[in-house]
Amino acid sequence: MKNLFFTIFLSSFCFFAQAQLSNNFNVTLPLNAKPVGNNTSVQAFESKKYQSNTSRPDRVRHYYTVDNDVTIGFWDGAISKDLQKTLSQRMSELKAVSALGSPNNPSTFSTVKYNGIDYIIEKYQRNGSNYIRFYSDYYDEKSISGVIEFSNENQQKANNMLDTFLNGIQKK
Amino acid sequence: MKKTNLLITLITTIIVLTCTILSCQKKDSQGSISSEALSQTMIQSLKDWHALNLKVQSVTKENSLGDLNQASKKLYPKWESAKYVTLSNGERLVYVDAPGYDLGTNTINFARVFLFSVNNDKITGGQIIEFYSKTNDLKNLSGLIANYKSPTIPNFDGSIISYDVNYGFQGSKVFVNSKLIQSTAHIEVKAETKPGTQTLGNRVAGTKILSEGQDNPCTYWYYNIYTDGELTDSIYLYSTGNCGGGSGGSGGAGDGGSTSPPPGGGNTQTTTQLPPFPADPCAQKPILNTEANNAVNSNAAQSIRSNTIATGKEYGAEQNLYSPQTDTYRTGAVRTDNSSNSFTPQFSWNNSTGFTIGVDHGHPGGFSPSPADVVWGAGNLNSSQFSQNPQFPGGGYADIDFYKTHFSLTTTTETGTYIMTVKDWGALSTAYDYFQTHQDALNLQYQILTQDDDGNSDYAILAMYGNAVNLFKAPAGSADFQQIVVNSTNNGTINQPCPTN
């Protein structure tokens, strides 16, 4: 019994390790998160996994594999106030371009709030994989966004990871 | 003693500053026409390039206006005069004399030349450059040519207008007190109504050499300056066609062909023609503002916006002119395809339904112009209607030139209005061709890039088509358009600042 308590305590302590991976937010990494190499391998990884993100060389993007079956990536965003759109407007744009770009399998959307930070959640399938993207609102022209990629059998694990990860993000 | 030292220091400073300024001015006026003769091989290369890039073959005799398949006369370089010129910015070009033209006015002087870009003995481009000056007699062009890209040209008050070798308008620069200012110059025409006929005339970007016969309508030509979209200077130049009581000359190279200004005209005659878009996006902004505030366009835009938001469907209408000779819009009916992500505009180029120079449509989702929107304007270049317009002598190319210099695409959203103009029709035509077979892939790319920029589709469309188009946006209810560009340092989007006067 004592050992069990100790194990639970240790697990809860280690499940999320604090990391300085964002200039704007405090971020907590999932347990067993293994970083995807250097910048070059990150680009190859995201290009293969997501067909995307290589267009923003300014963004330091962090990708991790968790238990070798789910991947998670995130990055800081910034935009000047004169070009900012509200969270609702951005979700509307994302919905519309999803209907245009993926008419047979458009994304589903929702909004959530963790630690005073509003997010758009976008879920979609592409090339046989499942994705959950999150986009935070802008706070002093700063934002944080990211993506989780997973197979069908890890649906629940990915949802739990999203919940825990967003719950671990706090404004600096 | 201290006062003396202060005085000496002050005088020294003034002398140094004066020398610096004079030195800068002198640097501006540097550049030279070389006496180095071009090799026969190079001259042949220039001739070959020029022949290859002329859109139609020249004709040696005048054709009747009724022959719609007639070709226009073209301006030919005087190849024997070809020489190298080094501009004040160090750029080396080939300069070739062009046939002159008597404007028939003493108010402004005129000269024109050909300039060709050369890189490693290969011709990479060619232009017709026209100089209009109130202060310089233009008899010695060396200094002007060497400085024609400079913001300061000593002893030059006037304009420099650039055309491609087919006399397609490219851009203009206006100088006041030898300094470049934020205005644009255009050579424009005004037509006289002939009894028993409709108003005819021609809006041509430049002193195009028309092959006209005696039956042609009387046309009056003007040198017009626009500042912030308003006509701020207008000088009558000459007339062509049958104006009665005058020579009504053909206006050909070296011909006089000038008559008196039209009745009630004079040097302050105004025009109601729509100004073409200059190449500089900053100079386009006042025109966008004026066109958005046009009552016909504005009413249509309000209807498109309110219907799109209320129904979640795309509403739209074409922006048509009654004729290329007026700025009077006869915008098409506001309508919908009952689709949330498409609207089908109808291009027309005739007196019956109007002359389409743009389209306005709503995006209920609020995103920027889609790939299909962006390439639509290039598809219209294939329209057979361009060769059937009796209002342009020669039809075809003149119509297409007009269309290209006036086309814009408007996208109305809840948050604001996007206007897209074209910066490179060649690139847009290539994009159009590619779109025909890759529409699904391009729409997916548009989606992915919008996701990459956290729900900002402005970035997506500029990343895909920024080489071919300019993108502007004004907040909802405003016509204060700002150009959106991709920030070269971080690939995000920013509002591009423009110089203030």
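**Helix axes**

Before looking at helix pairs, I note that an axis here is a line fitted to C-alpha atoms, for helices over the stretch in contact, and that angles run from 0 to 180 degrees between N-to-C directions. I also note that I am working with a predicted model.

With that settled, I looked up α8(B) and helix α9 (residues 457-465) of chain B. Their axes come within 10 Å and cross at roughly 145°. I checked the hand of the crossing too, and it is right-handed. On the α8(B) side I find B:A431, B:Q445, B:Y446, B:L449 and B:T450 making the contact, and α9(B) answers with B:S457, B:Y459, B:A460, B:I461, B:A463, B:M464 and B:Y465. I sorted the residues of this contact by type and got 9 nonpolar, 3 polar and no charged.

General reminder to myself: in soluble globular proteins, nonpolar side chains tend to be buried together. The largest core here has 72 residues, and the ones that touch the most other members are A:I148, B:L428, B:V469 and B:L471. Which helix gives this core its largest share? It is helix α8 (residues 425-452) of chain B, with 6 residues.

I followed up B:L471. Leaving aside neighbours within four places in sequence, B:L471 is in contact with B:S368, B:Y418, B:M420, B:D458, B:I461, B:L462, B:Q483 and B:I484. There is also a second, separate core of 39 residues, with B:L75, B:L93, B:Y222 and B:Y223 among them.

**Strand β16 of chain B**

Then I looked up the partners. Strand β15 (residues 354-362) of chain B pairs with β16(B) in the parallel sense over 5 bridges, and B:V359 is what stands opposite B:L409. Strand β17 (residues 416-422) of chain B runs antiparallel to β16(B), with 5 bridges joining the two. β16(B) and β17(B) make a hairpin, with 3 residues between them.

**Chain A**

Over to chain A, where I find 4 helices and 10 strands. Read along the sequence, the pattern goes α-β-β-β-α-β-β-α-β-β-β-β-α-β. Of its 172 residues, 33% count as buried. I also looked at contacts in chain A with a separation of 6 or more: residues 24 or more positions apart account for 49% of them.

The sheet I looked at is open, with 7 strands in the order β3-β4-β5-β9-β8-β7-β6 (chain A) and antiparallel pairing. Which strands stand at the edges? They are β3 (33-35) and β6 (108-114) of chain A; each has a single partner strand, so one side of each is left without a neighbour in the sheet. The twist averages 25° from one strand to the next. β5(A) and β9(A) pair in the antiparallel sense over 9 bridges, and A:D76 stands opposite A:I144 in β9(A). Helix α4 (residues 155-167) of chain A packs on this sheet, touching β4 (62-66), β5, β6, β7 (117-126), β8 and β9 of chain A. The direction of α4 makes about 160° with that of β9(A).

**Where A meets B**

The contact takes 33 residues from chain A and 27 residues from chain B. On the chain A side, β5 (70-78), α3 (87-101), β8 (129-136) and β9 (142-150) each supply at least two residues. The largest share of that side, 13 residues, comes from α3(A). By type, the chain A side divides into 12 nonpolar, 13 polar and 8 charged.

**Two aspartates with positive phi**

Last entry. Most residues other than glycine have a negative phi, which made me check the exceptions. Phi of A:D67 is near 55°; A:D67 sits in the loop between β4 and β5 of chain A. Buried or exposed? A:D67 has 12 C-beta neighbours inside 10 Å, so I put it down as exposed. Phi of B:D121 is near 65°, and B:D121 is in the loop between β4 (109-119) and β5 (122-133) of chain B. With 9 C-beta neighbours inside 10 Å, B:D121 goes down as exposed too.

Note on methods:
Residues numbered from 1 in each chain as written. Chains lettered and ligands numbered in written order. Predicted model: local features only at pLDDT ≥ 70, side-chain atom pairs only at ≥ 80, totals over all residues. Buried ≥ 20, exposed ≤ 12 C-beta atoms within 10 Å, placed from the backbone. Contact = placed C-beta atoms within 7 Å. Nonpolar A, V, L, I, M, F, W, Y, C, P; charged D, E, K, R; others polar. Pairing = 2+ DSSP bridges. Core = buried A, V, L, I, M, F, W, Y, C linked by C-beta atoms within 7 Å. Left-handed = near helix turned anticlockwise from the far one by under 90°.
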